[in-house]
Amino acid sequence: MRQPLPSPVNVEPPQGWKPSDLHDPFEAYVGPLFEREENGERIFGFIADERHADETGAVHEGMLMTFADAFLGGAAHRGAGERSCVTLSLQASFLTEARAGDFIECRTRIDRTTRAIIFVSGRFSVGEEDVMTATSLWKVLGER
Amino acid sequence: MSSRQVDTSGFGAYAGPVLRNEAGAFTFEIADHHLNGADRLHGGMMMTLAAIVLGAVARETAAEKTPGATVRPLSLNCDFVSAGEKGDTVEGRADVTRATRTVLFISGELRVGSRMLMTATGVYAISGAEKA
């Protein structure tokens, strides 16, 4: 098993969370990212800091979509029986702003699995409030 | 042709730099830290580039209509047409499809040479505009 890549800043995981093993350089660069299990479901999270925000303190939509790509992709990979998947399309709706300092959580759902295509959606929240929803399409490599 | 950096604060600068030349085209060089585990440009970085390019055109369009107006993204849709490789120079463009008083529809693309990497559309809310 490859060693996970380190992130450039040290951030303590919130209680009950552990750092995700990141193997993509860009995910490590924006990380650390965290995960935990809740009733058999894997939930993901990150603490937004000044690297992720703009001059007004709002978290950049590119960071939110990077977080979505990382973990919707992880869900697609598991949905495809651990085979490699690539992103075909991702749509994000930005419901309200997330701010630097917020802990942003992601819950994923497999909407449909075919032999070659996986449909995955995700809900992103800060506390009780949803900040973004995303839907995505993934291609299972080598299948048609 | 001279270029200047866009989206210079926070995440735009941290993930970039993204430059814009005098002809209005955006450029970005793929480095090691922008890659995924398969040594291709990471999908999150591709969408970040699309967000920066479409967002810059949206902000500029809003500010031309109403000085001081700002924009907020409502929706971004990104289609992954092909992969970017380390060392590639990505070129981005975006155009306004429609501008209403309160909403902007922006459409854009990312290419390496003649190869299309991503097509993207975004919907932006205009805020800070004067009440009609």
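Strand β4 of chain A (residues 85-94) pairs with β4(B) in the antiparallel sense over 5 bridges, where strands are said to pair if DSSP finds at least two bridges between them, and where helices (H or I, at least four residues) and strands (E, at least two) are DSSP runs numbered from the N terminus. The model is a predicted one, in which local features need pLDDT of at least 70 and side-chain atom pairs count only at pLDDT 80 or more, while totals for chains, interfaces and linings use all residues. Residues are numbered from 1 along each chain as its sequence is written, and chains are lettered from A and ligands numbered from 1 in the order in which they are written.

Within this pairing between the chains, A:Ala92 stands opposite B:Leu76, and A:Ser93 stands opposite B:Ser75. In the contact between the chains, 28 residues of chain B touch 28 residues of chain A, contact being defined by C-beta atoms, placed from the backbone, that lie within 7 Å. On the side of chain B that touches chain A, at least two residues each are supplied by α1 (10-15), α2 (43-65) and β4 (70-80) of chain B, and the largest share, 8 residues, comes from β4(B). By class, that side of chain B has 13 nonpolar, 13 polar and 2 charged residues; here Ala, Val, Leu, Ile, Met, Phe, Trp, Tyr, Cys and Pro count as nonpolar, Asp, Glu, Lys and Arg as charged, and the others, Gly among them, as polar.

| Strands of chain B | Bridges | One residue pair |
|---|---|---|
| β4(B) and β7 (residues 115-127) | 10 bridges | B:Val71 opposite B:Ile126 |
| β3 (residues 26-29) and β5 (residues 89-99) | 4 bridges | B:Phe28 opposite B:Val90 |
| β5(B) and β6 (residues 103-112) | 8 bridges | B:Val96 with B:Ile106 |

Strands β5(B) and β6(B) form a hairpin, with 3 residues between them.

The largest nonpolar core has 76 residues, of which A:Leu64, B:Met46, B:Leu49 and B:Ala50 touch the most other members; such a core is a set of buried Ala, Val, Leu, Ile, Met, Phe, Trp, Tyr and Cys residues joined through C-beta atoms within 7 Å. A residue is buried if 20 or more other C-beta atoms lie within 10 Å of its own, exposed if 12 or fewer, and partly exposed in between, with C-beta atoms placed from the backbone. Helix α2(B) gives the most to this core, with 13 residues. If neighbours within four places in sequence are left aside, B:Met46 is in contact with B:Leu41, B:Cys78, B:Phe80, B:Gly84, B:Leu110, B:Leu117 and B:Met118.

Chain A comprises 2 helices and 7 strands, which follow the pattern β-α-β-β-α-β-β-β-β along the sequence. The radius of gyration of chain A is 15 Å, close to the 15 Å that the globule rule gives for 144 residues, so this chain is as compact as a globular protein of that length; the radius is taken over C-alpha atoms, and the rule is 2.2 Å times the number of residues to the power 0.38. Of the 144 residues of chain A, 43% count as buried.

Helix α2 of chain A (residues 61-79) is largely enclosed by the rest of the structure, because 16 of its 19 residues are buried. At 1.5 Å a residue its 19 residues should span 27 Å, and its end C-alpha atoms are 26 Å apart, which agrees; the expected span is 1.5 Å times one less than the number of residues. Just after α2(A), A:Gly81 takes a positive phi of about 65°. A:Glu82, in the loop between α2 and β4 of chain A, has a positive phi of about 70° although it is not a glycine, and counts as exposed with 8 C-beta neighbours inside 10 Å.

Most residues other than glycine have a negative phi, and most peptide bonds are trans. A:Asn39, in the loop between β2 and β3 (41-47) of chain A, has a positive phi near 50° and is exposed, with 5 C-beta neighbours inside 10 Å. The peptide bond from A:Gly31 to A:Pro32 is cis, with omega near 10°, and A:Pro32 is found in the loop between α1 (25-30) and β2 of chain A. In chain B, a cis peptide bond with omega of about 10° joins B:Gly16 and B:Pro17, and B:Pro17 lies in the loop between α1 and β2 (18-21) of that chain.

Key: Contact = placed C-beta atoms within 7 Å.
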